[in-house]
Amino acid sequence: MSLTDKLNWRYATKKFDSTKKIAADKLSTLLDAIQLSPSSYGLQHYRVIVVENAEVREKLKAAAYNQVQLTDASHVIVFAAETNINEEFVHEYIDHVAETRGVPRESLKGFEDVVVGSVNGRTPEQLLTWAQKQAYIALGILLSAASELEIDNCPMEGFDAAKFDEILGLKEKGLTATVIATVGYRASDDPYAGLVKVRRPKEELFIHI
Ligand SMILES: Cc1cc2nc3c(=O)[nH]c(=O)nc-3n(C[C@H](O)[C@H](O)[C@H](O)COP(=O)(O)O)c2cc1C
């Protein structure tokens with residue numbers, strides 16, 4: 001099956017089979033895909049919480065309008081934006097680039113100045129929006145990777161971020177829950193699995209110039 005076939009196969013799963021768990025090697029592949037997601041300047045302005053614990057998931061479900069995917073999927077993946085993107089964050093990133101690539105830190109000074117300028121030129125609200133946008137890119141990559149492996153998935157925004165932050169202790173880590181994905185295997189009787197995809201027609205969606 002091509003990637004397009006897999007994207008046609010996937011759907012926002014409403015009912016997961018709670019008896020089916022994603023195998024460790026496949027979960028690891030999903031996390032690889034998230035780790036490899038591109039981000040602006042490579043800053044990776046978010047962290048990703050992988051929730052398996054049943055008690056925690058019960059609490060998350062209550063904070064997500066009781067959507068059953070929270071407890072029935074194999075795993076809940078929470079993309080949490082960094083709330084403290086600042087010069088220090090950039091300096092640490094540049095240290096990491098220098099170390100990883102084995103290049104002198106000074107050789108990255110020009111790049112560092114550009115990134116610091118980009119950070120300092122944004123208001124706190126803009127910094128958060130920027131970080132959250134990057135998290136959505138990682139979400140998209142996860143959905144594609146999961147579909148490629150025929151792991152069902154549901155992207156979800158229907159949750160109370162402040163409650164998630166509290167349950168997961170995100171505030172003290174300088175994070176805020178932005179978007180989540182539930183991943184696992186569809187229940188054989190999920191009525192949504194058979195629905196025809198509704199998408200804007202290509203002539204309307206795409207503007208060729
Ligand atoms: C950012 C985002 C948030 C979503 N939030 C929810 C949600 O909270 N609960 C849910 O059941 N589906 C949610 N969905 C799923 C969409 O309703 C679904 O992707 C859309 O209707 C298209 O259907 P398909 O994914 O089955 O092709 C969300 C999708 C996205 C991309």
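Predicted model: local features only at pLDDT ≥ 70, side-chain atom pairs only at ≥ 80, totals over all residues.
Guide: Residues are numbered from 1 along each chain as its sequence is written. Local features need pLDDT of at least 70 and side-chain atom pairs 80 or more, while totals for chains, interfaces and linings use all residues, and side-chain values rest on heavy atoms, with hydrogens and water left out.

Visitor: What makes D189 and K15 a salt bridge?

Guide: The term asks for a side-chain nitrogen of Lys or Arg within 4 Å of a carboxyl oxygen of Asp or Glu. In D189 and K15 the closest N and O atoms are 2.7 Å apart, so the pair qualifies. D189 sits in the loop between strand 4 (175–184) and helix 9 (202–205), K15 in the loop between helix 1 (3–9) and helix 2 (24–35), 174 residues apart. Helices here are DSSP runs of H or I with at least four residues, strands runs of E with at least two, numbered from the N terminus.

Visitor: Why is D189 called partly exposed?

Guide: Buried means under 20% relative accessible area and exposed over 50%, with partly exposed in between (1.4 Å probe, protein chains only). D189 has 46%, so it lands in the middle class. K15, at 35%, is partly exposed too.

Visitor: How do you know that K21 and E52 form a salt bridge?

Guide: Their N to O distance is 3.7 Å, which is within the cut-off, so the pair counts. K21 lies in the loop between helix 1 and helix 2, and E52 in the loop between strand 1 (46–51) and helix 3 (54–62), so the pair ties together parts 31 residues apart in sequence. K21 is partly exposed at 42%, and so is E52 at 45%.

Visitor: What about K163 and D160: what makes them a salt bridge?

Guide: Their closest N and O atoms are 3.9 Å apart, so this pair also meets the definition. The structure holds nine salt bridges.
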